[in-house]
Amino acid sequence: MSGRTIVVVGGTSGIGLELAKDVVARGDRVVITGRDLARTQEIAAGIGDGASAAAVDLSEPEGIAAALAGIEGPVHGLVLAAIERDANSAREYDIARARRLVTLKLVGYTETVHTLLDRLEPSIDTGIVLFGGGGEDPPYPGPTTVSTINGGVEGLIMTLALELAPIRVNALHPGIIGDSPFWASKPESVLDGYRERTPGGELATMADVVDAVQFLLRNRGVSGTSLYVDRGWRIT
């Protein structure tokens with residue numbers, strides 16, 4: 001072990017889980033979170049001895065401090081990868097779904113940072129990565145709430161990067177990640193359409209996203225920056 005501890009909020013599946021595995025493979029320790037403690041502990045055990053678990057629901061921010069009380073410092077990296085998908089248009093607006101998603105990302109992300117500040121190593125070597133997404137750039141019909149929140153993530157990293165310096169804060173915006181559980185379940189004809197629009201003809205992968213997160217966690221020269229991982233899809 002290198003002595004570094006990385007907390008991955010939303011580390012029980014998909015990209016978050018792949019990141020957690022990579023953290024341990026590099027010789028660091030990882031704490032993964034999910035909503036269900038027993039399931040999260042089982043997944044952590046499968047990752048290896050360097051992984052441990054905590055249960056937290058970002059959509060209920062009043063409980064975050066108690067949920068994360070068992071995480072011991074120092075913490076050298078925090079990745080907020082917990083997301084939810086929601087199709088919520090202005091014409092058929094669901095206030096409850098919108099409120100939940102706004103709370104989960106903008107309030108839940110910020111409260112998690114606030115909660116762990118006393119354990120985050122106050123160093124330029126410490127990185128925080130917030131997951132946004134590609135819903136706002138370019139926008140597409142339906143995910144009005146998602147587009148708004150992802151734009152809010154960009155604003156959030158600016159204020160946090162200033163407030164928390166020398167700790168570095170950045171955002172990671174995955175595009176269409178072809179081998180992620182969400183996209184891999186789509187019909188091949190749908191994925192082919194996205195591949196045709198992507199420069200180079202191949203979609204980004206979970207490994208691409210994991211590599212980008214590790215870069216943002218470790219590169220001392222990057223803070224207040226949004227990094228897009230989509231192999232250029234957004235520019236076409």
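A crossover is called right-handed if, with the strands pointing away from the viewer, the path from the first strand over the helix to the second runs clockwise.

**View 1. A right-handed β-α-β unit in the predicted model.** Strand 2, helix 2 (residues 37–47) and strand 3 together form this right-handed unit. Strand 2 (residues 29–34) pairs with strand 3 (residues 51–55) in the parallel sense through five bridges, and Ile 32 has Ala 53 of strand 3 as its bridge partner.

**View 2. Strand 1 and its two parallel neighbours, strand 2 and strand 4.** Strand 1 (residues 5–9) is mostly covered, with five of its five residues buried; Thr 5, Val 7 and Val 9 point one way from the strand, while Ile 6 and Val 8 point the other way. In a regular strand the side chains alternate between the two faces of the sheet. Four bridges link strand 1 to strand 4 (residues 77–80), where the partner of Val 8 is Val 79.

View 3. Beyond its neighbours up to four places away in sequence, Val 213 touches Leu 19, Val 79, Val 129, Phe 131 and Leu 172. The buried residues of helix 8 include Met 206, Gln 214 and Leu 217.

Notes:
Residues numbered from 1 in each chain as written. Predicted model: local features only at pLDDT ≥ 70, side-chain atom pairs only at ≥ 80, totals over all residues. Heavy atoms only, no water. Pairing = 2+ DSSP bridges. Contact = heavy atoms within 4.5 Å. Buried < 20%, exposed > 50% of the residue type's maximum accessible area, 1.4 Å probe, protein only.
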